[in-house]
Each structure stands twice: as structure tokens, then as C-alpha cells.
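My entries follow in the order I checked things.

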Amino acid sequence: ARLAKRHPDATIVAGATDVGLWITKQLREVPKVIHVSGVRALHEIADGPDLLSIGAAATYAEAQPLLAAIDADRGTPILAIDVVKAREAIEALPWVKTARVERRLPDTVQIAIQERAPYALWQEGTRYTLVDREGQPIVEVPQIDVTQQKLPLIVGADAPRHAAELFAALETNPDLANRVRSAVRVGDRRWNLYFDNLDNGMAVRLPEDGVGPAWTRLGTLEHD
């Protein structure tokens with residue numbers, strides 16, 4: 001609401017189907033857009049005796065496993081539902097970062113989640129998986145054109161385990177980081193970074209230790 005108040009001329013979208021047609025078919029310009037998918041309340045799911053309430057931003061893929069985690073049939077006494085067990089089951093889902101499960105007496109169980117946001121694409125052999133900022137795998141991507149996707153690519157069996165440290169270093173120089181097309185783990189010891197182009201871009205070998213200072217030094221040299 002605060003964002004919309006600051007930008008009263010912005011177009012507020014959720015799925016953006018209509019807005020997409022404005023742009024592609026009517027060639028209209030939409031200079032400011034506010035997307036509501038990040039509004040936590042719109043992802044909430046509440047299951048009551050007479051009403052199942054699913055937030056406008058919640059997808060079917062989100063709702064089905066969340067409702068299964070409650071492990072209760074309609075008519076089950078609300079106090080018989082183990083909200084701790086339900087929360088643990090929901091947070092075990094790979095795309096869920098945190099969850100809140102609450103009883104709303106007399107007859108409602110409310111679920112609110114924070115999703116893991118895709119940060120990079122992890123390649124292991126011929127498999128591709130979206131990972132979050134901490135390197136946590138989210139979901140496998142069965143078909144993808146790596147040359148067209150915008151997320152950075154990390155490569156190697158152990159790449160997710162070391163990704164958070166690398167991401168933290170890269171974020172200190174966003175302009176240079178935007179040029180990194182892939183980061184490849186070498187011998188479970190260090191990273192090779194490839195810039196600008198996956199096929200013949202500039203390659204930089206980062207050291208085993210001191211990734212942050214090495215990245216800072218690279219940024220200085222690039223600026224000079």
C-alpha cells in the first residue's frame with residue numbers, strides 16, 4: 001500500500017495477462033508496474049469448517065502440498081491438528097523457506113509461507129535446478145535454454161554448498177556481477193568465473209581462499 005501511494009500512476013498486476021496483451025498487441029507503454037506476488041498475505045491459505053480460503057497469489061502447486069501437510073479431514077477438531085508437525089512438514093518442502101501455521105479459534109487453521117526465491121541455476125551434468133541465495137535447491141528444470149535464461153549459472157556437484165559465499169562476494173560489485181554468465185567449481189576447491197558469454201567470454205580463476213578480496217581486486221582492475 002505504501003508503494004502504491006508513492007507511485008499512484010503505477011499499474012498494479014498479479015498475473016499480468018491483460019497487461020501483457022497491452023504491450024504485445026496494443027504496443028502500449030507501461031512505465032511503472034507494481035507486482036503483488038510478494039505480498040505475504042496473498043499467499044495465505046486458511047482451512048475452516050465451511051470455507052477454504054486461498055490467497056489470490058497462491059498457486060495450486062503451493063496449495064496442494066500445504067493442505068496435505070495439515071493431515072486433517074474436514075470436520076477434524078481443530079485442537080487435534082498438530083500445528084508444529086504441520087509447520088515442519090511444510091518447511092520440508094524444497095520451495096518453502098519458512099512457514100507459519102496457526103489455529104484461529106474456533107474453526108480455522110491458517111498457513112502463511114515465505115517462498116525461496118530463485119537466485120541462480122545449478123548445472124550438474126545434464127540436470128538443471130533452480131537454487132536460492134543460500135544455494136538451497138528449489139526445483140529441477142527439465143527443459144531450459146541456458147543461453148536465453150538470465151539467472152547466473154553455477155556448475156559442479158558441490159556448487160550449491162559453496163554458492164552463498166560466492167554470491168555474497170559478487171553482490172559487493174553488482175555491475176561486474178551482472179556480467180558473470182557462469183561460475184564453475186574446480187576440484188571442490190575454487191571457482192572459475194566466465195564473463196559476458198558462455199562460449200568465449202573472459203575467464204577468471206578465483207583463488208581457493210580469499211574470494212571476497214580477489215573479487216574486490218578484480219573490480220578495481222576492471223575499473224582502471
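How many bridges join strand E8 to E9, and do they run parallel or antiparallel? I am working from a predicted model here. I counted three bridges between E8 (residues 127-131) and E9, and the two strands run antiparallel.

Next I traced the whole sheet. Seven strands make it up, in the order E9-E8-E7-E10-E11-E12-E13. The sheet is open and its pairing is mixed. Which strands stand at the edges? I found E9 (137-140) and E13 (203-205) there. Each has a single partner strand, so one side of each has no neighbour in the sheet. I noted the twist too: from one strand to the next, the average is 25°.

Then I checked what packs on the sheet. Helix H5 (residues 159-170) does, and it touches E7 (120-124), E10 (153-155), E11 (180-186) and E12 (190-195). The direction of H5 makes about 60° with that of E12.

Last entry: Val211. I located Val211 in helix H7, which covers residues 211-223. Is Val211 buried or exposed? I call Val211 buried because its relative accessible area is 6%, under the 20% cut-off. I set aside neighbours within four places in sequence and listed the contacts of Val211: Glu165, Leu166, Ala169 and Leu206. I also looked up the spacing to Glu165. Val211 and Glu165 are 46 residues apart in sequence, and their C-alpha atoms are 8.1 Å apart in space.

Key:
Residues numbered from 1 in each chain as written. Predicted model: local features only at pLDDT ≥ 70, side-chain atom pairs only at ≥ 80, totals over all residues. Heavy atoms only, no water. Helix = DSSP H or I, 4+ residues; strand = E, 2+ residues; numbered from the N terminus. Buried < 20%, exposed > 50% of the residue type's maximum accessible area, 1.4 Å probe, protein only. Contact = heavy atoms within 4.5 Å. Pairing = 2+ DSSP bridges. Axes fitted to C-alpha atoms, helices over the stretch in contact; angles between N-to-C directions.
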